[in-house]
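Dear colleague,

I am handing over a structure, with a note below on what was found in it. Please look through the coordinates first and then read on.

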Amino acid sequence: MIRVVLPVHLRTLAHLDREVELHIEGQATQRSVLDALETEYPMLRGTIRAHDTQERRAFLRFFVCGEDWSHELPDTPLPDSVATGAEPFMVIGAMAGG
Amino acid sequence: MSGVRVLVGTRKGAFVLTSDERRERWDVRGPEFAGWEIYHLKGSPADPDRLYASQTTGWFGQLIQRSDDGGRTWETMGNEFGYEGMPRTHQWYDGTPHPWEFARVWHLEPSPTDPDTIYAGVEDAALFRSVDGAKTWQELPALRDHDSAPSWQPGAGGMCLHTVVLDPSNPERIFVAISAAGVFRTDDAGKSWRPVNRGLHSEGLPDSEAEVGHCVHRIAMHRSRPEVMFMQKHWDVMRSDDAGESWREVSGNLPSDFGFPIEVHAHEPETVYVVPIKSDSEHYPPDGRLRVYRSRTGGNEWEALTEGLPQKDCYVNVLRDAMAVDSLESCGVYFGTSGGQVYASADAGDTWAPIVRDLPAVMSVEVQTLA
């Protein structure tokens with residue numbers, strides 16, 4: 001079981017009031033987590049990754065175990081602590097507004 | 001009992017304002033989609049309970065929302081706006097080629113006859129259509145196939161296709177306006193397009209009367225007379241009596257002919273409304289006085305409408321999609337400001353009163369007349 005923490009606007013969009021729990025077949029990677037997230041919550045398609053390139057949107061970051069994984073390759077295996085649900089996979093919106 | 005539903009898009013959400021036909025007491029509901037920019041929301045003329053909204057932010061991109069119950073509940077629809085064909089370029093601000101990149105939906109124009117058909121004008125400029133109630137979108141690619149497209153340049157707000165006008169008498173004919181390319185018209189439902197900008201004069205262009213390159217801010221028509229078009233250009237208020245084939249200036253006695261919105265009275269095709277703005281760098285009313293100007297002669301002779309509007313120290317702007325008219329017997333006129341006020345007139349502009357004063361900056365105002 002993978003735990004995913006979303007920014008508040010995406011939780012609102014997906015009608016969620018807490019973190020997401022996903023079951024993933026095979027290796028847990030950024031790509032497999034986001035694929036599973038978008039399958040479970042199709043309204044999130046295009047809001048985290050671009051439709052055409054599947055690249056992360058510029059003002060979002062992926063945090064894993066206290067580290068910024070935004071620039072890791074999408075198929076890099078996530079740490080065991082994330083794959084087992086001990087630590088969440090976090091989607092973070094960049095701070096802005098001055 | 002008849003009434004109106006005013007749909008307001010703001011920088012931080014959508015609001016729905018409703019009233020009976022007297023338009024004196026208002027129910028204000030919102031914000032919907034709190035925290036998101038709502039560039040435009042509009043109802044289907046064929047089904048007043050069917051509403052569409054363009055919801056966007058720089059963080060999460062573009063979403064399209066649909067309501068089937070007049071705005072009480074909403075469903076997230078398809079948001080994949082993929083350009084057709086090979087990648088191509090338009091001109092960037094510095095004159096270099098720049099790849100077409102989707103940024104957002106500026107304007108949604110529902111079909112007058114089919115609730116499931118809707119057009120979307122987007123940045124970078126292109127026209128999309130959905131025929132399944134906004135589940136999926138397809139570009140009408142012939143517009144960007146036009147020979148002039150590689151020379152199109154963005155205006156200060158981006159290279160947006162911001163206006164879509166559907167000819168109610170001819171479903172094959174569509175007008176679009178692009179900043180800063182100008183007006184284009186199709187007479188075959190989007191299979192081919194041509195610029196219809198003859199008569200426009202823009203001093204910012206090397207050839208001030210070029211076929212393409214004009215910063216048209218908005219165009220409008222009266223549904224009973226679709227060959228007559230009115231235009232608010234970057235500077236100049238213009239009129240065409242031949243469906244855009246030729247334009248002539250009708251700015252007349254306006255205190256400034258810069259502005260964004262232009263609207264036509266619901267029952268009087270020669271009655272037109274604009275909101276003069278001081279200049280392209282001073283986006284507020286001349287003299288700090290918020291005045292709507294009305295022409296009852298199809299342009300050239302304009303009268304200031306001031307009763308109920310602030311006549312000192314007012315420095316707000318009114319954006320291109322932020323004015324609308326209802327079709328009640330006494331035509332209502334509505335507009336929203338960058339200061340968050342939404343003003344209404346139930347007597348065709350003679351007197352005004354704010355519906356709300358303190359919304360986020362208003363980006364769009366549309367109105368539905370309810371039976």
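**Chain A**

Buried residues make up 27% of the 98 residues in chain A, where a residue counts as buried if 20 or more other C-beta atoms lie within 10 Å of its own, as exposed if 12 or fewer do, and as partly exposed in between, the C-beta atoms being placed from the backbone. Please keep in mind that this is a predicted model, in which local features need pLDDT of at least 70 and side-chain atom pairs count only at pLDDT 80 or more, whereas totals for chains, interfaces and linings use all residues. Residues are numbered from 1 along each chain as its sequence is written, while chains are lettered from A and ligands numbered from 1 in the order in which they are written.

The secondary structure of chain A consists of 3 helices and 5 strands, which follow one another along the sequence in the pattern β-α-β-α-β-β-α-β; helices (H or I, at least four residues) and strands (E, at least two) are DSSP runs numbered from the N terminus. The radius of gyration of chain A is 13 Å, in agreement with the value near 13 Å for a compact globule of 98 residues; the radius is taken over C-alpha atoms, and the globule rule is 2.2 Å times the number of residues to the power 0.38. Along its principal axes, the C-alpha trace of chain A spans about 35 × 25 × 25 Å. Of the contacts in chain A between residues at least 6 apart in sequence, 55% join residues at least 24 apart, a contact being two residues whose C-beta atoms, placed from the backbone, lie within 7 Å.

The 5 strands form an open sheet of mixed pairing, in the order S2-S1-S5-S3-S4 (chain A), where two strands pair if DSSP finds at least two bridges between them. Strand S2 (20-22) and S4 of chain A stand at the edges with a single partner strand each, so one side of each has no neighbour in the sheet. Helix H2 (residues 30-40) of chain A packs on this sheet, touching S1, S2, S3 and strand S5 (89-93) of chain A, and its direction makes about 110 degrees with that of S2(A); the axes are lines fitted to C-alpha atoms, for helices over the stretch in contact, and angles run from 0 to 180 degrees between N-to-C directions. Strand S1 (residues 2-5) of chain A runs antiparallel to S2(A) and is joined to it by 3 bridges, and Val4(A) has Val20(A) as its bridge partner in S2(A).

One backbone detail in chain A deserves a look: Cys65(A) has a positive phi of about 50 degrees although it is not a glycine. Cys65(A) lies in the loop between strand S3 (60-64) and strand S4 (67-68) of chain A, and counts as partly exposed because it has 15 C-beta neighbours inside 10 Å.

**Chain B**

Chain B has 1 helix and 30 strands. Its radius of gyration is 19 Å, close to the 21 Å that the globule rule gives for 371 residues, so chain B is as compact as a globular protein of that length. Of these 371 residues, 52% count as buried.

Strand S2 (residues 13-20) of chain B pairs with S3(B) in the antiparallel sense over 4 bridges, with Thr18(B) opposite Asp27(B) in S3(B). The two strands S2(B) and S3(B) form a hairpin with 6 residues between them, and Arg23(B) in the turn has a positive phi of about 60 degrees. Phe33(B), also a residue other than glycine, has a positive phi near 55 degrees; Phe33(B) is placed in the loop between strand S3 (27-32) and strand S4 (37-44) of chain B, and is buried, with 25 other C-beta atoms within 10 Å.

The bond from Glu123(B) to Asp124(B) is cis, with omega near -10 degrees, and Asp124(B) lies in the loop between strand S11 (118-123) and strand S12 (126-130) of chain B. The bond from Ser179(B) to Ala180(B) is cis, with omega near 5 degrees, and Ala180(B) is found in the loop between strand S15 (174-179) and strand S16 (182-186) of chain B.

**Contact between the chains**

The contact takes 13 residues from chain A and 9 residues from chain B.
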